[in-house]
Amino acid sequence: MGFDFMQSDLGTFARRVCVAVGIFALAALLLVLLWYASEVLLLVFAAVLLAVFLRGLGEMLARLRRFPRAGHWAWWWRRSCW
Amino acid sequence: MVVAALLLVMTLGVWLLAPAVAAQTDELGQSLAQSIQQLGAQLGRYRWAQQLMAEAPGLGEFTRTSHLFSRVTGLFSTTLGVVANVVLVAFIGLYLAIKPDLYMRGAIRLLPIGRRARMREVLSEAGDTLRHWLIGRVILMLLNGALTALGLWLLGTPLALTLGILTGLLNFIPNIGPLLAGIPAVLIAWTQSPTQALYVLLLYLVLQNLDGYVLTPLVQQRTVALPPALTILAQLLLGILAGTLGLLLATPIAAAALVFVKRLYLEDVLGDHREEASSAGTSE
């Protein structure tokens, strides 16, 4: 009975150690990946920032000038010509 | 369509301004190298300065042979890489700006179904925060650039417009940018006279205080206010980890990260739904 208990306890402990080592290894791998890809990630963030800026400026201009959305060009052109 | 037209106008503007700005930048480079040499020669007359230069060889090199300038230009020596990065960022940014929903939907579909609605909400809020931060920053950049150019022009400093543009651009980096912008202006003024350099230094100090105590709080009332210590910490951390690009993007990254931490960690994990926690750094 005692032996079984020890056996199961050791099994649980080993499983926990494996999980902990796995998590640690994954975290380390993620950190290494982030370290090597940091420049690319920063460039992607810069692109997102540029997109936010362009989108914001575009929406502001569209509100100010009542610019048409895509597909409404013909209507807008006819209205501004006549 | 508006975004494409806007980008076209901006590209045309840059295309037309580029030759004049390039010529003035060349002139700025030559003036800076000259002023550094002049500063070295003037400092070399004093005993304390000679001792200081002897004890700190880096400083001696800096003033003697304008190594700083060659190092600064060395930053841009990998022109092809920088141009490639700029083009890449411009293209990705343009495609993201034209159809942001397409990419956001794609990214959200990678998440478990139950978490998608919440993630969409948080991403939208992060986007709004970034937009407000950018609006505030652009306003401050324009104000600081214009005031600096005007002040330098009134003081009779050469290359006032270029230095104003440089100050405006460097104001993209809060706290550190204006300090960096002051260095070339003071060095250029030094070529005229030390008194002129002192006036320029005073101008930068006055404008820095005006920015810190009047302009920034006014603009942040309607845009995004980030805790100053957090901004500096983010700049320090990303500056060390990722260099110039990290320093440049540290503040917007901190602004976006703050939203994610407040929404996904404080609210969703810890269950803290207080008003304080949900303000997410914005004070509109």
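This is a predicted model: local features need pLDDT of at least 70, side-chain atom pairs count only at pLDDT 80 or more; totals for chains, interfaces and linings use all residues.

## Handedness first

A crossing is called right-handed if the near helix is turned clockwise from the far one by less than a right angle, and left-handed if the turn is anticlockwise.

## Helices α7 and α8 of chain B

Two packed helices are described by the angle between their axes and the distance between the axes. In chain B, helix α7 spans residues 113–155 and helix α8 spans residues 160–170; the two pack at an angle of about 155°, and their axes are 7 Å apart. Angles over 145 degrees count as roughly antiparallel, so α7(B) is roughly antiparallel to α8(B). The crossing of α7(B) and α8(B) is right-handed.

Which residues make the contact? On the α7(B) side they include M141(B), L142(B), G145(B), A149(B), L152(B) and W153(B). On the α8(B) side, A160(B), L161(B), G164(B), I165(B) and G168(B) are among them. By class, the residues of this contact comprise 10 nonpolar and six polar, with no charged ones.

## A glycine facing chain A

Now to G93(B), part of helix α5 of chain B, which covers residues 79–98. Is G93(B) buried or exposed? With 23 other C-beta atoms within 10 Å, G93(B) is buried. Apart from neighbours within four places in sequence, the contacts of G93(B) are A47(A), L50(A), A51(A) and L54(A).

## Chain A itself

Chain A holds two helices and zero strands. Of its 82 residues, 15% count as buried.

Key. Residues are numbered from 1 along each chain as its sequence is written. Chains are lettered from A and ligands numbered from 1 in the order in which they are written. Helices (H or I, at least four residues) and strands (E, at least two) are DSSP runs, numbered from the N terminus. A residue is buried if 20 or more other C-beta atoms lie within 10 Å of its own, exposed if 12 or fewer, and partly exposed in between; C-beta atoms are placed from the backbone. Two residues are in contact if their C-beta atoms, placed from the backbone, lie within 7 Å. Axes are lines fitted to C-alpha atoms, for helices over the stretch in contact, and angles run from 0 to 180 degrees between N-to-C directions. Angles under 35 degrees count as roughly parallel, over 145 as roughly antiparallel, 65 to 115 as roughly perpendicular and the rest as oblique. Ala, Val, Leu, Ile, Met, Phe, Trp, Tyr, Cys and Pro count as nonpolar, Asp, Glu, Lys and Arg as charged, and the others, Gly among them, as polar.
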